[in-house]
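Trainee: Please take one part of this model and go through it closely, then show what it connects to.

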Amino acid sequence: MQLSASLSQRLSGTALIPGDKSISHRALMFGALAVGETVITGLLEGEDVHATAGALSAMGAQVHRDHDGTWRVFGVGVGGLMEPQTELAMGNSGTSTRLLLGLMATTPITATLTGDASLSKRPMARVTKPLEAMGAQFVAREGVRLPLTVTGASLPRPLTYTLPVASAQVKSAVLLAGLNAPGLTTVIEPVATRDHTERMLQAFGATISIEDREEGRVIALMGEQELAPATIQVPRDPSSAAFPVIAALITEGSKITLPGMLLNPGRIGLYETLKEMGAKIAIENERMEGGEPVGDLSVEYSPLTAVAVPPERAPSMIDEYPALFAAAALAQGRTLARGLEELRVKESDRLAVMAEGLKACGVKVEEFEDGLAIHGTGGTPVPGGATVKTHLDHRIAMAFLTLGLAAQAPVTVDDATPIETSFPGFAALMSGLGAAIKAQGE
């Protein structure tokens with residue numbers, strides 16, 4: 001499905017962003033491990049989260065959606081997962097895959113996980129290595145890629161593990177495995193990552209301690225305890241919000257509001273960066289919902305100035321760099337972002353794909369092994385006129401559709417279908433704000 005975005009007039013209105021993807025995955029998983037009924041509202045109903053729900057159902061949890069959009073999960077207890085009778089289809093969801101491997105690693109069941117063409121290219125070794133140390137066994141394609149079969153440990157071992165790279169998914173996989181291992185499982189983060197797993201473990205009654213020490217953040221989880229069910233209100237996803245926010249910032253005369261946005265400190269690096277670039281972003285009505293900080297955003301068109309993004313900020317905005325690169329294309333000066341090796345093993349090689357697409361749209365780009373430098377136009381619309389290959393990457397597609405709103409000639413993405421994995425209704429929401437986005441042929 002090809003979509004095109006054209007130079008737009010001012011955007012206005014209220015953007016109701018879907019629920020946060022990271023929290024949605026975890027709410028379903030912890031609900032499946034709790035004893036009793038977990039009630040979830042605001043769940044992201046994208047393809048990635050449906051993959052998680054389907055896998056948990058295949059392993060014995062009861063997962064139901066009410067007519068009003070409330071989800072109910074009747075869990076099987078820690079260690080109670082059953083062996084699925086068929087392969088678990090993960091689609092495009094790396095989060096589902098990596099976290100479910102942790103979930104199964106210390107339960108004596110065998111399961112095979114498959115993925116689409118994009119997910120099947122992504123290496124899983126960073127997760128399987130610590131899980132093997134806890135007793136799990138894996139059989140996979142060369143490079144530890146899907147399809148992958150996991151056999152959980154019959155006698156699981158606790159683990160103390162220092163993350164070699166900043167990865168919330170690896171941390172979460174180890175902690176999930178630790179739930180069914182005896183004693184303490186400890187993860188040490190030299191660089192702190194998003195802490196949704198720790199917050200949700202606390203909400204479900206786990207015994208967990210979190211300390212900042214000289215070696216980094218130390219998370220210690222006591223295993224072999226039952227979890228209590230919880231009621232979870234999923235806040236709105238700041239990663240998805242990045243695209244309408246940046247669309248408003250680069251489209252002259254725009255002003256939009258985004259209520260109920262997640263403001264977890266580990267997730268707002270993009271917004272800190274945009275403010276440093278001169279973005280008019282105001283936060284109102286700050287509050288706590290479901291153990292997470294939440295607020296309402298107000299965003300206005302703003303002339304942007306290039307910055308050098310600190311590499312240490314990457315974990316708090318790793319999914320938002322494609323959106324940032326679109327904003328940088330309209331900024332005054334050279335925006336530099338380094339320390340981003342992780343982006344080469346996302347749904348696509350996001351550094352290479354963004355560089356290729358930006359150049360095709362007439363933007364000057366320097367590509368490094370670990371980042372990009374983007375020379376902005378100073379607010380003048382970019383030339384545009386390109387059809388960008390998205391490589392089945394939802395964030396690439398949304399980034400270039402956002403850029404197209406400030407382009408002299410329309411920008412087309414070759415396949416917008418993957419957007420449904422994380423942001424169902426993206427095109428309709430953007431059009432409702434006034435963005436000129438349409439399907440080819442309309």
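Mentor: The second largest pocket has a volume of about 220 Å³. A pocket here is an open set of points on a 1 Å grid over the protein atoms alone, where a 1.4 Å probe fits, with protein on both sides within 12 Å along at least five of seven lines; its volume is the space filled by probe spheres set on the points, joined across faces, edges and corners. The model is predicted, so local features need pLDDT of at least 70 and side-chain atom pairs pLDDT 80 or more, while totals for chains, interfaces and linings use all residues. Numbering runs from 1 along each chain as its sequence is written, and side-chain values use heavy atoms, leaving out hydrogens and water.

Lining this pocket are 17 residues (an atom within 4 Å of a point). Nearest its centre lie I250, T251, E252, Y301 and G379. The lining divides into 10 nonpolar, 6 polar and 1 charged residues (Ala, Val, Leu, Ile, Met, Phe, Trp, Tyr, Cys and Pro are nonpolar; Asp, Glu, Lys and Arg charged; the others, Gly among them, polar).

I250 also belongs to a helix contact (heavy atoms within 4.5 Å). In helix 7, A242, F243, I246 and I250 meet A323, L324 and A327 of helix 9. The contact consists of 7 nonpolar residues, with no polar and no charged ones. The axes of helix 7 (238-250) and helix 9 (321-328) come within 10 Å and cross at roughly 5°, which means that helix 7 is roughly parallel to helix 9 (under 35 degrees). Axes are lines fitted to C-alpha atoms, for helices over the stretch in contact, with angles from 0 to 180 degrees between N-to-C directions.

For comparison, the largest pocket holds about 670 Å³. Of its 36 lining residues, A166, S167, I318, E342 and K346 are closest to the centre. Helix 1, helix 3 (94-105) and helix 5 (168-178) each give two or more residues to that lining, which by class has 11 nonpolar, 8 polar and 17 charged residues.

Helix 1 (21-33) leads on to a sheet: the helix lies across strand 3, strand 4, strand 5 and strand 14, at about 35° to strand 5. The sheet is open, with order 4-5-3-14 and mixed pairing (at least two DSSP bridges per pair). Strand 3 (37-41) and strand 5 (71-74) pair antiparallel over 4 bridges, and E37 has F74 as its bridge partner.

Key. Angles under 35 degrees count as roughly parallel, over 145 as roughly antiparallel, 65 to 115 as roughly perpendicular and the rest as oblique.
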